[in-house]
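The tour moves from one selection to the next.

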Amino acid sequence: MAILEIKKAGDPVLKKHCEPVERVNKKLKQLLDDMAETMYKSDGVGLAAPQVGVPLRMVVIDCQDETGLIELINPVITYREGEMEGSEGCLSVPGIYGDVMRAAKVKVEYLNRRGKVQHLTATGLLSRCIQHELDHLEGQLFIDIATSLRKED
Ligand code: CO
């Protein structure tokens, strides 16, 4: 496993519309492992492939809840319900936090690393995290949609 360099806001890879994964080969499994390791090392709760310079539709999330580590490949939100506003930060935008309006509940369909279709229903922090990470796959950062921004050390 390896710690990867996290790309920061201003890097063009963070603005890309990411490509679907065609097959989860050995190299992409390694990348998923490295993304998780990089996320944990950085005290993050989610990391999208473009944040480590790879414009593919892959995300790792661990909100430290009962769901644990999840790897979402080619994820699609199939259902949204309600609204919630809350604070977000991003490993690509260090030191900046902001309030973002998100759907309160989402359902997401994705492939796991074995290529099997999975479904997940999420609320609360996990729902927020899924929406934040999926935005990365469209080249969108939370600072682009935040209703307010602030600096914190
Ligand atoms: Co982010």
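What follows is a walk through a predicted model, taking the sheet, the helices, the cores and the metal site in turn.

**The sheet.** Begin by showing the strands as a cartoon, where five of them form an open, antiparallel sheet in the order E1-E2-E3-E6-E7. Select strand E1 (46–48) and then E7, which stand at the edges with a single partner strand each, so one side of each is left without a neighbour in the sheet. If you look along the sheet, neighbouring strands are turned by 40° against each other on average, with direction ignored.

**Inside the sheet.** Next select E3 and E6, which pair in the antiparallel sense over six bridges, and pick out Tyr79, whose bridge partner in E6 is Lys107. Then move to strand E6 (residues 105–111) and strand E7 (residues 117–123), where the antiparallel pairing runs over seven bridges and Tyr110 stands opposite Gln118 in E7. These two strands form a hairpin with five residues between them, and in its turn you will find Gly115, with a positive phi of about 85°.

**The helices.** Helix H2, by comparison, lies across E1, E2, E3, E6 and E7, running at about 110° to E3.

**The cores.** Now display the side chains of Ile61, Leu72, Leu120, Leu126, Ile130 and Leu134, which have the most contacts inside the largest nonpolar core, a set of 19 residues. Strand E2 (58–61), strand E3 (70–81), E6, E7 and helix H2 (124–137) each supply at least two residues of this core, and H2 gives the most, with five. Centre on Leu126 and, leaving aside residues up to four places away in sequence, you will see that Leu126 touches Ile61, Cys63, Asp65, Thr67, Ile70 and Leu120. A second, separate core has 15 residues, including Ile6, Leu28, Leu31 and Leu32.

**The metal site.** Finally, select the cobalt ion: which residues coordinate it? The donors are Cys90 through SG, His132 through NE2 and His136 through NE2, at 2.0 to 2.3 Å, and in sequence they are spaced C-x41-H-x3-H. Both histidines, His132 and His136, lie in helix H2, four residues apart, about one turn of the helix. Are these two side chains buried or exposed? His132 counts as buried because its relative accessibility is 6%, and His136, at 1% relative accessibility, counts as buried as well.

Note on methods:
Residues are numbered from 1 along each chain as its sequence is written. This is a predicted model: local features need pLDDT of at least 70, side-chain atom pairs count only at pLDDT 80 or more; totals for chains, interfaces and linings use all residues. Side-chain values use heavy atoms; hydrogens and water are left out. Two strands pair if DSSP finds at least two bridges between them. A nonpolar core is a set of buried Ala, Val, Leu, Ile, Met, Phe, Trp, Tyr and Cys residues joined through side-chain atoms within 4.5 Å. Buried means under 20% relative accessible area, exposed over 50%, partly exposed in between (1.4 Å probe, protein chains only). Contact means heavy atoms within 4.5 Å. Axes are lines fitted to C-alpha atoms, for helices over the stretch in contact, and angles run from 0 to 180 degrees between N-to-C directions. Donors are N, O and S atoms within 2.8 Å of the metal (3.2 Å for Na, K and Ca); water is not among the atoms, so sites may look incomplete.
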